[in-house]
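Morning, everyone. I have one model to walk through today.

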Amino acid sequence: GLYCYDISAVPKQMPFYTFVSTLNFIKDKKSNTNSESSLALENLAPNSTRKEITLPFSSNEIYAIPSASDYYDITEMQYAYYLEGKEDNYGIWNKIPVINYNNLHEGHYILHVKSRNVIGQEGREVSVAFRILPPWFRTIWAYLLYVLLTGTLIWLIVILNSKRLMEQNIRLEKIITERTKT
């Protein structure tokens, strides 16, 4: 057979997907638990539906390894990512497939990851939503306790000061009555 190849024809590019192979939420090194990873997720795909993950404040470090379903040249695959809630846009394309954020403040975050193959075609984005709860001393209950303790302290100071002033007033009245008798 004879084959005819048209150079001007654009080859049909099949879409490919970006995945997060591994996503670890790492506990703080200062916490008293022996296990280092509080939650590990694997093979997160772009179209999968998941609820927002809720984590304690001690798990405020994330470590992710992205991958893609394109195999033109896997060693030349590039990744770009950003953490919504901390950054606004994607960073530079990078061949090192490791994502690490540490010391995250409490709040809502969404990790966005996309890939690009050797011919410049971008894979579909994958995103993972998670929420880091505040530490116990920054919860609404702690703030209510702070207000209650502050109010009690002010009330106690006022009561003690009133008692001191009343005792001082009685003492001064005694002095005045002694001096006016003679």
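I'll go from the overall fold to the core, then to one tyrosine.

Keep in mind that this is a predicted model. The protein has 8 strands and 1 helix. In sequence order that reads β-β-β-β-β-β-β-β-α.

Now the dimensions. The C-alpha trace spans about 140 × 40 × 25 Å along its principal axes. The radius of gyration is 32 Å, whereas a compact globule of 182 residues would come in near 16 Å. Of those 182 residues, 25% count as buried.

What about charge? There are 19 positive and 18 negative charges, and their mean positions sit 14 Å apart.

Next, the core. The largest nonpolar core holds 20 residues. Those touching the most other members are L23, F25, I62, L83, L104, L111 and F130. Several strands supply at least two core residues each, among them strand 1 (18-26), strand 4 (61-68) and strand 7 (107-116). Which strand gives the most? Strand 8 does, with 4 residues.

Beyond its neighbours within four places in sequence, L23 contacts L39, A40, L41, L44, Y63, A64, L111 and V128.

Last stop, Y72. Where is it? Y72 is in the loop between strand 4 and strand 5 (78-84). Is Y72 buried or exposed? Its relative accessibility is 53%, so Y72 counts as exposed. Compare Y72 with E52: 20 residues apart in sequence, and 33 Å apart in space, C-alpha to C-alpha.

Notes
Residues are numbered from 1 along each chain as its sequence is written. This is a predicted model: local features need pLDDT of at least 70, side-chain atom pairs count only at pLDDT 80 or more; totals for chains, interfaces and linings use all residues. Side-chain values use heavy atoms; hydrogens and water are left out. A nonpolar core is a set of buried Ala, Val, Leu, Ile, Met, Phe, Trp, Tyr and Cys residues joined through side-chain atoms within 4.5 Å. Buried means under 20% relative accessible area, exposed over 50%, partly exposed in between (1.4 Å probe, protein chains only). Contact means heavy atoms within 4.5 Å. The radius of gyration is taken over C-alpha atoms; the globule rule is 2.2 Å times the number of residues to the power 0.38. Lys and Arg count as positive and Asp and Glu as negative; His and the chain ends are not counted. The place of a charge is taken as NZ of Lys, CZ of Arg, CG of Asp or CD of Glu.
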